[in-house]
Amino acid sequence: MSAAFLGMPRRRLPETGFSPVQGKRPFPEAASAALSDPVLRRNLGHATGVIRRKRASVVGELPDWEELRSAGAAIKAETMARLPELLEQLEANVTAAGGVVHWARDAAEANAIVTDLVRATGEREVVKVKSMATQEIGLNEHLAAEGITALETDLAELIVQLAEDHPSHILVPAIHFSRTEIREIFARRMPGVDPDLTSEPRRLAMAARAFLRERFLRAKVGISGANFAIAETGTLTVVESEGNGRMCLTLPETLISVVGIEKVLPRWQDLEVFLQLLPRSSTGERMNPYTTLWTGTRAAHEGGDGPRAFHLVLLDNGRTDVLADEVGRSALHCIRCSACLNVCPVYERTGGHSYGSVYPGPIGAILSPQLTGITGDSVNDSLPYASSLCGACYDVCPVKIDIPSILVDLRARHVEAAQQASRVPSAEAVAMAAAAYVMKDEKRFAAVTGSMRLGRPLLRDGQLRGPLSSVMTGWSRARDVPAPPRETFRQWWSHRERHDGAASERGGP
Amino acid sequence: MTGSAREEILSRVRAAVAGAEAPAVPRGYRREVEASASQLLELLADRLRDYRAEVVPVPDDDAAIAQVLADQLTERGLRSVVAPQAVARAWLAGPAGGEAVQVVVDDGTLTWQDLDGVDAVVTGAALAIAETGVVVLDGDAWCGRRAVSLVPDLHLCVVRGRQVVGLPTEAVSRLQPTRPQTWIAGPSATSDIELDRVEGVHGPRTLVVLLAG
Ligand code: SF4
């Protein structure tokens with residue numbers, strides 16, 4: 001019996017149409033393409049290294065970082081436990097401030113609601129500020145099909161949109177493009193661009209500024225997500241750097257915000273925790289350049305400041321399924337900082353596209369399969385295996401999501417689902433269950449990974465042999481390092497981190 | 001169908017979290033810092049500069065602020081400036097209103113195009129946070145409408161000593177939640193191209209903070 005399936009399910013699956021949270025190919029296949037692209041790997045290695053160092057430096061400045069993390073984790077757990085009442089409270093307060101609240105069970109419903117709202121304004125062009133929720137529902141594609149142009153205004157998203165590509169990182173979505181490629185994309189696809197444009201980043205950024213300014217000033221409809229929605233006050237928050245968020249949230253008469261139901265926070269006071277945790281974890285800044293907070297419409301404020309019409313679309317789209325699982329639930333605590341991507345040795349080598357979902361990296365490995373459902377034969381079933389369980393993601397997560405434990409739990413759920421569906425030979429199921437049993441317990445897992453390291457001389461033909469070492473085989477085969485490292489990932493990581501050097505100069509996201 | 005979607009989502013959420021206990025939130029993090037007013041000003045100036053904002057210290061009185069603003073506007077060769085009414089009255093009526101610089105007072109009727117035609121904006125602030133180098137605008141008579149401090153390319157922001165707090169926690173408890181707020185930490189920036197930082201994308205490309213204290 002080949003060992004590969006044990007570490008990573010490799011079954012080919014029927015395609016079920018396009019989904020922004022599910023790729024067409026299982027992770028190992030998608031990853032091997034990325035692994036053979038040395039330029040991509042170098043760019044990613046550089047990017048994640050720089051952001052990692054910046055994060056470590058600004059987190060190290062705070063004497064109470066661990067207390068903030070504990071508070072953040074508890075507030076999120078409280079939020080989930082009280083979600084029904086908090087959602088109703090949020091709805092009541094947004095409504096009282098002049099906003100309209102809509103509820104969407106799934107992507108199709110959310111897209112239809114937004115389309116109708118845009119249509120009602122008579123507009124055919126909308127400006128958008130980067131939002132994971134709208135990427136998750138494929139809003140831009142849907143609007144395009146309905147004859148509405150949704151213009152991404154975040155520089156990286158604009159690059160990706162003009163290139164007709166997909167983002168590869170939550171925070172720096174165009175990190176897979178070099179400046180020369182970006183210059184090419186702008187020169188070919190950006191209407192009215194200066195033909196003498198060079199590949200100097202400043203010139204490129206100014207080209208985007210010039211291209212978007214007119215469009216911001218004339219835009220009648222803005223679409224956003226939100227980082228936080230305060231139940232107590234009905235206040236929404238968007239955290240950003242470039243000012244495109246401020247433009248979209250300030251200038252259009254109609255503002256539509258699509259927000260996952262898990263983004264609610266109980267109290268105004270909770271922002272004191274999250275506005276410290278998020279920027280330091282995300283861009284590695286003490287604070288991001290711009291944070292906008294607004295409550296309802298202009299009618300609610302004496303100064304008349306705010307959109308004329310405000311619509312909040314609350315999105316489920318699989319979240320209530322995730323919520324129903326006691327272990328997996330905490331994946332919904334995620335504040336999308338992307339710190340776990342930047343420390344992940346798997347992400348650093350395979351890049352965001354390998355995950356096939358708008359949510360890549362460790363968080364994607366636990367969130368995407370839960371959103372689409374662990375069926376035993378879904379493409380996303382392979383994602384929980386896209387990890388060495390080194391634990392670095394847990395260490396940096398600002399809300400302490402125990403990603404390794406959830407990964408292990410999801411592997412076990414996948415094995416169970418596959419067994420129940422009798423879709424795999426029983427021998428395979430038994431072996432996978434054994435692997436899941438081992439990985440479910442930290443000590444047992446440490447024993448296995450330790451034994452893997454000790455078992456290095458047991459290699460034959462460059463492949464691992466034996467039932468337990470095969471836990472890792474699917475992964476090590478997909479990587480370009482067929483043999484297990486002399487150190488465990490965690491040991492290797494901590495060494496490498498030390499060699500990475502001092503904090504770099506401060507930069508933006 | 002939104003009505004039924006609402007009921008369905010809420011009942012699914014209720015079923016999903018039935019029996020889940022809400023933990024108490026441990027708030028063991030710092031709530032305030034012990035620092036003198038001058039230490040806070042110094043820290044704020046340092047953090048703002050680190051974020052590539054320009055910091056200009058001024059004595060904390062209206063005449064001095066007005067003079068420094070006038071100097072800033074003329075030295076930079078700016079020809080027009082927009083400001084909320086309170087700011088225009090207190091700081092721009094004197095020297096800044098000379099021939100060289102046209103002062104546009106925002107009475108709430110200026111269009112976005114009008115704002116785009118102005119060189120700079122002067123505002124006050126609701127408060128500032130020293131540790132994170134943040135200035136908060138909250139739409140009051142000194143901060144003005146959000147668009148006014150967004151569209152012009154240069155933002156001169158006057159922060160008075162008594163408005164400076166140490167930590168984000170202190171800021172959150174002082175601010176009024178439902179006012180439209182903008183928290184600003186340096187000029188707009190992007191690092192989307194090979195992580196090379198570029199200051200000034202869509203928001204004001206230059207931020208000058210006058211620290212009065
Ligand atoms: S899981 Fe944690 S570290 Fe990863 S993006 Fe979410 S909040 Fe950040």
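## Close-up views of chains A and B in a predicted model

**View 1. Strands β9(A) and β9(B) pair across the two chains.** Strand β9 of chain A, residues 290-295, is joined to β9(B) by 4 bridges, and the two strands run antiparallel. The model shown here and in the other views is predicted. Within this pairing, T291(A) stands opposite W183(B).

**View 2. In chain A, strand β6 pairs with β9(A).** V238(A) stands opposite T292(A) of β9(A).

**View 3. Chain B and chain A bury about 7800 Å² between them.** Of this buried area, 58% is on carbon and sulfur atoms. R146(B), D192(B) and H202(B) supply 11% of the area that chain B buries against chain A, more than any other three residues. In terms of contacts, 76 residues of chain B meet 102 residues of chain A.

**View 4. A salt bridge links D116(B) to R213(A).** The closest N and O atoms of this pair are 2.8 Å apart. Between chain B and chain A the count is 15 salt bridges. The count of residue pairs in polar contact between the two chains, with both residues at pLDDT 80 or more, is 35.

**View 5. Helices and strands of chain B contribute to the side that touches chain A.** The elements that each supply at least two residues of this side are α1 (2-17), α2 (37-50), α5 (112-116), α6 (168-174), β9 (181-184), β10 (189-190) and β11 (198-199). The largest share, 12 residues, comes from α1(B). By class, the residues on this side of chain B are 35 nonpolar, 18 polar and 23 charged.

**View 6. The ligand is surrounded by residues of chain A.** Around the ligand are C334(A), I335(A), R336(A), C337(A), S338(A) and C340(A), together with I363(A), C397(A), P398(A), I401(A) and I403(A). This shell has 9 nonpolar, 1 polar and 1 charged residues.

Conventions. Residues numbered from 1 in each chain as written. Chains lettered and ligands numbered in written order. Predicted model: local features only at pLDDT ≥ 70, side-chain atom pairs only at ≥ 80, totals over all residues. Heavy atoms only, no water. Contact = heavy atoms within 4.5 Å. Buried area = accessible area lost by both parts, 1.4 Å probe. Salt bridge = Lys/Arg side-chain N within 4 Å of Asp/Glu carboxyl O. Polar contact = N/O pair within 3.5 Å; in protein donor to acceptor, adjacent residues only side chain to side chain. Nonpolar A, V, L, I, M, F, W, Y, C, P; charged D, E, K, R; others polar. Pairing = 2+ DSSP bridges. Near = heavy atom within 4 Å.
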